[in-house]
Amino acid sequence: MVTAGVYLVVRMHAIFELSGVALTVVAIVGVVTVLFAATCAFGQDDIKRVLAYSTISQLGFMFLAAGLQAYSDRALHARRARVLQGADVPGRRVGDARDARRTRT
């Protein structure tokens, strides 16, 4: 469900390509999402929140790629976002310590 919006834009690329403004808006939304989510991730101490913002940032990259008509590159970012969603392994290793400040060495 996370990538449903990106999937919709890519599947309806023929309609979006009829309007250059629509593709520009999709690309701008992607850039804003990437910058905002990455900035929010820097301020988090909870590992799960960092991963959540990282996933949102990857969605921004997918929208940026769709806005730039790089439809085949979208698949790479979709796979990367799925990998990040399953990246709870560090959380399992440290037990209940979800605070990122405690996991640094």
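**Close-up 1. Crossing of helices α3 and α4 in the predicted model.** The axes of helix α3 (residues 20-42) and helix α4 (residues 47-67) come within 7 Å and cross at roughly 160 degrees. Because an angle over 145 degrees counts as roughly antiparallel, α3 is described as roughly antiparallel to α4. The crossing in which α3 passes α4 is left-handed.

**Close-up 2. Residues at the contact of α3 with α4.** From α3, the residues that meet α4 are Leu 23, Val 26, Ala 27, Gly 30, Val 31, Thr 33, Val 34, Ala 37, Ala 38, Cys 40 and Ala 41. Their partners in α4 are Val 50, Tyr 53, Ile 56, Ser 57, Gly 60, Phe 61, Phe 63, Leu 64, Ala 66 and Gly 67. Sorted by class, this contact of α3 with α4 comprises 16 nonpolar and five polar residues, with no charged residues.

**Close-up 3. Span and buried residues of α3.** With 23 residues, α3 reaches 34 Å from its first C-alpha to its last, which is close to the 33 Å expected at 1.5 Å a residue. Within α3, the residues Leu 23, Val 26, Ala 27, Gly 30, Val 34, Ala 37, Cys 40 and Ala 41 are buried.

**Close-up 4. Packing of helix α1 with α4.** Helix α1 (residues 4-11) packs with α4 at an angle of about 5 degrees, and their axes are 10 Å apart. Because angles under 35 degrees count as roughly parallel, α1 is described as roughly parallel to α4. Gly 5, Val 6, Val 9 and Val 10 of α1 make the contact with Leu 59, Met 62, Phe 63 and Ala 66 of α4. By class, the contact of α1 with α4 has seven nonpolar residues and one polar residue, and no charged residues.

Key: Residues are numbered from 1 along each chain as its sequence is written. This is a predicted model: local features need pLDDT of at least 70, side-chain atom pairs count only at pLDDT 80 or more; totals for chains, interfaces and linings use all residues. Side-chain values use heavy atoms; hydrogens and water are left out. Axes are lines fitted to C-alpha atoms, for helices over the stretch in contact, and angles run from 0 to 180 degrees between N-to-C directions. Helices (H or I, at least four residues) and strands (E, at least two) are DSSP runs, numbered from the N terminus. Angles under 35 degrees count as roughly parallel, over 145 as roughly antiparallel, 65 to 115 as roughly perpendicular and the rest as oblique. A crossing is left-handed if the near helix is turned anticlockwise from the far one by less than a right angle, and right-handed if clockwise. Contact means heavy atoms within 4.5 Å. Ala, Val, Leu, Ile, Met, Phe, Trp, Tyr, Cys and Pro count as nonpolar, Asp, Glu, Lys and Arg as charged, and the others, Gly among them, as polar. The expected span of a helix is 1.5 Å times one less than its number of residues. Buried means under 20% relative accessible area, exposed over 50%, partly exposed in between (1.4 Å probe, protein chains only).
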